[in-house]
Amino acid sequence: MAKPDLMERVVNLCKRRGLVFPSSEIYGGFRSTWDYGPVGVLLKRNVKDAWWRTMVQLRDDVVGLDAAILMHPRVWEASGHVQAFTDPLVDCRNCKERFRADHLPESGACPNCGAKGSFTEARRFNLMFETHVGPVENDASVGYLRPETAQGIFVNFLNVQTTSRKKPPFGIAQIGKAFRNEITPGNFIFRTREFEVMEMEYFVPPEDGPRWYEYWCQERLRWFADLGIPEDELRLRPHDPDELSHYSTGTSDIEFAYPWGWGELEGVANRTDYDLRRHSEYSGQDLSYYDQDADRRYIPHVIEPALGADRCMLAFLLAAYHEEEVRGEKRTLLRLDPRLAPVAVAVLPLSRNERLNPVAHEVADLLRPRFMIDLDDAGSIGRRYRRQDEVGTPRCVTVDFDTLDDRAVTVRDRDSMGQDRVPIDKLVQHLEEQLSA
Ligand code: ATP
């Protein structure tokens, strides 16, 4: 499929099937934010759960945290964000549109009006949303919506380290909303002004930083591949020295082949001891770690894998979207990994019939505590299969008239469309085996 078509088709599918809606649509939309509908919210939760499972549940060296969005304004001075969290901004003198100077096309032409040589000099634009905290609006009440969750982790380093009794190397993981006043939001949920980020700060002895940085680059690449992104649609791109953030000695982007070209999916950064050192200086609290075994005190270095949940969901959608022809008809399906699929099992009575209805409900009630299910009895069975294929439901369970006699149902596989007959009393076990990784 031509790449531009792919993007358009995924965006349409998201709207049509209740995954993602334009924000404030009845007021004409808000362009830079999106809302997740009944199916989208399930997919996004599964993306976040898959990350949490890998990063926290399956490891004994990482613990979780949920810090506040609003923080003491000194946090953002210490972190360098007030001074340096900026993008270069240019105006087109012809059409007055604004652009990120580092995202302009090589031709130098304005992406909006096509004028050449029309850009102003680049100036720095701070991406943090400023607000006022409390009832008085003055300089002393200025606060910020956090542009990353990482700082909530750094300021809690001592709280977490002492209460969890972890020793470096260990990590603190957090999922939460972040806000950036992006100059040019766009490409659907790829770049928005409000998004959710999944970040883990991994604290290590200083000399071990480079080794752990390599380790996390490879671990994170493996995670995407394990959840179904083809390896030729992923690559690791180390930043050039002039691209590095103010705090980093090494950063690599895990890039995905988006329909418009390679672009960042996740960043893995060696943040050194920058953040803990700065917070020690600004707060006056000693954030160093005393290693009893080696009898030495040091400020841990930090390796950070940081991934947007929304951007990640987009990559999974793009990689999973397929169209094929089945008996002369187009079939659209999302080949999502069962761990990500919004609905795991659809329960479909063959037709809306008062004899089938009670059994369909019985099957649905049996499955509901174990799986996210969708009980759907409206329309032809063929059309209902197609609807489930479109949102990536891995298995459909059909209750038909034979079920009334043999107490068995038909289980249909999304990808092969193959069907198995399974007794109802073996159904949970059968599905659990099929849907577990
Ligand atoms: P860019 O250079 O594209 O603006 P960045 O390098 O500033 O991105 P990071 O600070 O590394 O991005 O953010 C970590 C991750 O958070 C990104 O890899 C991406 O997945 C996600 N992310 C960052 N900004 C946005 C955004 N505006 N909308 C959606 N996701 C975002």
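A: In this predicted model, a polar backbone atom of threonine 192 lies 2.8 Å from a nitrogen atom of the ligand, which counts as a polar contact, that is, a pair of N or O atoms within 3.5 Å. A polar side-chain atom of arginine 191 is found 2.8 Å from an oxygen atom of the ligand, and a backbone N or O atom of glycine 308 is 2.9 Å from an oxygen atom of the ligand. On its own the ligand has 600 Å² of accessible area, of which the protein covers 84%; such areas come from the Shrake-Rupley method with a 1.4 Å probe, and for residues only the protein chains shown count as cover.

The shell around the ligand holds 16 residues, the closest being Glu182, Arg191, Thr192, Glu264 and Leu265, where a residue is near a molecule if one of its heavy atoms lies within 4 Å of it. At least two residues of this shell come from each of β10 (194–204), β13 (261–272) and β16 (301–308), and β13 gives the largest share, with four residues. By class, the shell has six nonpolar, three polar and seven charged residues; here Ala, Val, Leu, Ile, Met, Phe, Trp, Tyr, Cys and Pro count as nonpolar, Asp, Glu, Lys and Arg as charged, and the others, Gly among them, as polar.

Numbering of residues starts from 1 along each chain as its sequence is written. Because the model is predicted, local features need pLDDT of at least 70 and side-chain atom pairs count only at pLDDT 80 or more, while totals for chains, interfaces and linings use all residues, and side-chain values use heavy atoms, with hydrogens and water left out.

The second largest pocket contains about 670 Å³ of space. A pocket is an open set of points on a 1 Å grid over the protein atoms alone, with protein on both sides within 12 Å along at least five of seven lines, and its lining residues have an atom within 4 Å of a point; grid points are joined across faces, edges and corners, and the volume is the space filled by probe spheres set on them. Its lining comprises 25 residues, with Asn46, Ala50, Arg53, Pro338 and Arg339 nearest the centre. α2 (38–57), α7 (209–226) and α13 (427–435) each give at least two residues to this lining, and the largest share, seven residues, belongs to α2. The lining divides into 13 nonpolar, three polar and nine charged residues.

The backbone also has some local features to note. Proline 168 and proline 169 are joined by a cis peptide bond with omega of about 5°, and proline 169 is placed in the loop between α6 (157–164) and β9 (170–179). Arginine 327, in the loop between β17 (321–326) and β18 (329–334), has a positive phi near 45° although it is not a glycine. Arginine 407, in the loop between α12 (401–406) and β22 (408–413), likewise has a positive phi, of about 50°.

The chain as a whole has 13 helices and 23 strands, taken as DSSP runs numbered from the N terminus, with helices (H or I) of at least four residues and strands (E) of at least two.

Terms used: 1 Å grid on protein atoms, 1.4 Å probe; cavity = no way out; pocket = protein on both sides within 12 Å on 5 of 7 lines; lining within 4 Å. Polar contact = N/O pair within 3.5 Å; in protein donor to acceptor, adjacent residues only side chain to side chain.
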